[in-house]
Amino acid sequence: MESTTRVALVSGASRGLGAAIARRLGADGWAVAVNYRAGAQAAERVAEDIRAAGGVAEAFGADVTDEEQVRDLVERVTGRLGPVRALVVNATGPQPTVPLEKLTWRDHLDQLEFFVKSPTLLAQAVVPGMKELGGGRIIQIGSDVFERALPGMSAYVAAKGAQIGLTRSWARELGRYGITVNLVAPGWIPVERHADVPAEDLRSYIEDVPLGHIGVPDDVAAAVAFLASDAAGYITGERITVNGGHTIG
């Protein structure tokens, strides 16, 4: 994997964890494809930040739950930056609390679209190129909610559990091609969409975190950067939890 030609595609990278991951990979020398669905200006700002720091980046719009748009996305990234060596599956959607009595199949599908369909479409689009390159990295962004099993979040928890299954199975399937597949599972890492969370909720959460403080997006980005690096070449099928020890058994 030649370090001078590394291209990383980060889905849902216009803000939040995705933006932090994109900036970190750019700082590490990756040419970064900053994917967005609706936040074009925000995604371009992320790309500009990477370029201002001396890196290479471009913003690419696409709905990563749509088959045709995903194929087109990877074709555009490959044409502009080169073949994708690292795929970071980060895009997500709303995560409403829905009690079991009101849960619908549509509620399940809404979560599965982001955490099963989108990873599958993206992996299918980049894996042929990774095979030609002789290796690659697929890194999914999961959640520690699978262990926490929050009430009213069963559709989200189930989809995140399915994501772990995809990671493990793909790791076995793709290992022979030099492609590693891993998952980073953050705890509650406040980003823009958590701006209205009451301070009391934050304090209550921190009380259960062994390290005694809340995490930041750069903590997640650092784990992703490691898994994308040559140093993690013999790690696959693994799940790294980034939550300050919150879910220690």
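Me: Why does Glu44 count as partly exposed?

Reply: In this predicted model, Glu44 has 29% relative accessibility, and since a residue is called buried under 20% and exposed over 50%, Glu44 counts as partly exposed.

Me: What makes the pairing of Glu44 with Arg51 a salt bridge?

Reply: The closest N and O atoms of Glu44 and Arg51 are 2.5 Å apart, and the cut-off asks for a side-chain nitrogen of Lys or Arg within 4 Å of a carboxyl oxygen of Asp or Glu, so the pair is a salt bridge. Arg51, at 34% relative accessibility, likewise counts as partly exposed.

Me: Why is the contact between Glu113 and Arg106 also called a salt bridge?

Reply: The N to O distance between these side chains is 3.9 Å, which is within 4 Å, and therefore Glu113 and Arg106 meet the definition. Arg106, Asp110 and Glu113 are linked in a network of salt bridges.

Me: How do you know that the buried residues of helix 2 line one face?

Reply: The buried residues of helix 2 are Ala42, Ala43, Val46, Ala47 and Ile50. Seen down the helix axis, these buried residues fall within an arc of 140°, so they line one face of helix 2. They pack against helix 1 (16-27), strand 2 (31-36) and strand 3 (56-61), whereas the face turned away from the buried side carries the exposed residues Gln41 and Ala52.

Me: How do you know that the span of helix 2 agrees with its number of residues?

Reply: At 1.5 Å a residue, the 13 residues of helix 2 (residues 40-52) should span 18 Å, and because the end C-alpha atoms are 18 Å apart, the two values agree.

Conventions:
Residues numbered from 1 in each chain as written. Predicted model: local features only at pLDDT ≥ 70, side-chain atom pairs only at ≥ 80, totals over all residues. Heavy atoms only, no water. Helix = DSSP H or I, 4+ residues; strand = E, 2+ residues; numbered from the N terminus. Expected span 1.5 Å × (residues − 1). Buried < 20%, exposed > 50% of the residue type's maximum accessible area, 1.4 Å probe, protein only. Arc of directions from axis to C-beta. Contact = heavy atoms within 4.5 Å.
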